[in-house]
Amino acid sequence: MKTVDPARLALSCLALLSAGAWAADADARRGCIELKTVAETEVETVDAQGQRSLKLVPAATVVPGSQVVWTVTAANVCDKPADKVVIDNPIPAQMSFVPDSAVGAGADILFSTDGRQFAGPAALVVRDATGAVRPARAADYTHIRWSLRNPIAPGQVAMARYRAELK
Amino acid sequence: MNPLSLTMKRTAAALLLLGSVAALPEAYAVGTAANTSIQNRATISYSVGGTAQTPIESSPTGNSVPGVNAGTATTFVVDNRVDLTVTEQGAAATVVNPAQLAVVTTFLVTNTGNAAQAYQLTAANVAAGASLFSNTDNSDVANLRVFVDANANGTYEAATDTATAITTLAADAGVRVFIVADVPTTATNLQFANVRLTAATAVNNTPATLLTASTGADNPATVEVVFADGTSAGGDAARNGRGAADDQYAVQSAALTVTKTSAVIRDPLNGTTDPKAIPLSVVEYRVTVANTGSAAASGVTLDDPIPANTAFLQNEYSGATRDVQVTTGTGTVFCIAEVAATDTNGDGCFRPTAATLRVLPSLIGTVAPSGPNSTVTVRFRVTIN
């Protein structure tokens, strides 16, 4: 299973930091946002005091029925704020969205069942096999969109996260 | 009352092949196949200083290069979810007879995991006391063997179904497995023998090697093995890659009872009116064979020594032409009990010695466990010396 190597991840962050902040148009090859997607699974750990806690670890063992926590982080690597930020994430086809699991501080979270029309859960509908329209269920979602209400300031990181279950 | 001896052999009742024509159950939803790579790539759009910027795609380690396909999908590989079910087929005991060989119970092994697997198969007797089909196990069968239904026809065929392990079974697929056993000659009517089939998940195409659950740190390059099976028969633990189910043999046998009564037919002084048992009186013996068991008895031979101080009397039946009367559920027949080493006149009875009557299976027929053929009455007459 492919996982993110934390050491490499730290190194790449350091490299970016040491390179300093870019101007919005200083480097045509670089944008102002560094976008990262990480797959993790939740494991229960017991500490020396016997306290149980849930911890996210790089997605290790994933079988049908397992839940994976997808985390998208957007870091502003420029010296100007980024606004009108919209993060789109198609849910992998082999996975289904876990109801009410999408989070994102200061974000309006919308869903889509086709990748074109985005709406809040209450407004989403799908056509079933008979052509009848019914409210969309979490399992019908194919895309998630986080619209950030506030700009990401230079050096700041916005996070979007959701949970999906492997079919 | 005189000693009687009966010999019989058990009818080989038709072996019930349970559920042999039932279709395989519908496929289980077992989920995404093992080794599938799950890919995920997010996209961000944003503006800087009021100017819309080229969207940026994500990567596992962070990407800031704008443009389509500049990012890299974050991926993981679906692991091997090992799950199986073993179910008894037919929902009823297999009816067998004592000493019957190669009696069959049928099971279905289904791969409910997300990858093809092999399975080791073992058959065992279940400890006495276990209840199944409302019957309590109180005996064992012998020579337990297990075979895979090679041609998927649901019927055990010794020449075809020779594999003793499942070499490969695709996700969602099921295959029937037979336990084949021998019933002890000492088995008796209404004994029940439960048997258990256990399937243990092995490496696909290598049934000799059991699969083991992956432990320790994740290896990014391999598909992890995760046991997801539940508990099953006989205290089989969950998440051990094994499944088990029980089936049952129900022994049915004939149980013959023999009753012998006598009645004085006539005496030399009173004739047939209130005859008494005095010398030269004629006495009729009536031997009744009844089957109180569960299976028909065939090949029943009746031997009856003529009592001391009496002499076998011939020509007492069927218009004074026959010696013995046999009444079965299908009617009354007669025979002549000649003194000979064998039934020389071929009518079903003879006397190996002058003082022994033998009635052969050809006259007695099959003694059924119920119905009109469940009793057979043999009559013959003697004179008191």
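**Entry 1: the contact between chains**

I looked up the contact first: 45 residues of chain A and 43 residues of chain B take part, where two residues are in contact if their C-beta atoms, placed from the backbone, lie within 7 Å. I note that this is a predicted model, in which local features need pLDDT of at least 70 and side-chain atom pairs count only at pLDDT 80 or more, while totals for chains, interfaces and linings use all residues. Residues are numbered from 1 along each chain as its sequence is written, and chains are lettered from A and ligands numbered from 1 in the order in which they are written.

Helices (H or I, at least four residues) and strands (E, at least two) are DSSP runs, numbered from the N terminus. β4(A) gives the most to this side, with eight residues.

I then checked how β4(A) meets chain B. It runs antiparallel to strand β3 (residues 43-48) of chain B, and five bridges join the two; two strands pair if DSSP finds at least two bridges between them. Within this pairing, Val86(A) is opposite Ser45(B) of β3(B).

**Entry 2: chain A**

I counted one helix and ten strands in chain A. Of the contacts in chain A between residues at least 6 apart in sequence, 74% join residues at least 24 apart.

**Entry 3: a sheet in chain B**

I traced an open sheet of four strands in chain B, with the order β8-β10-β16-β14 and antiparallel pairing. β8 (84-88) and β14 (142-148) of chain B are at the edges with a single partner strand each, so one side of each has no neighbour in the sheet. β8(B) pairs with strand β10 (residues 103-111) of chain B in the antiparallel sense, over five bridges. Which residue of β10(B) is the bridge partner of Thr87(B)? I found Leu108(B) there.

**Entry 4: around Val109(B)**

I listed the contacts of Val109(B), leaving aside its neighbours within four places in sequence. Among them are Leu84(B) and Val86(B). The list also includes Tyr119(B), Ile166(B), Gly174(B), Val175(B), Val177(B) and Ala199(B).
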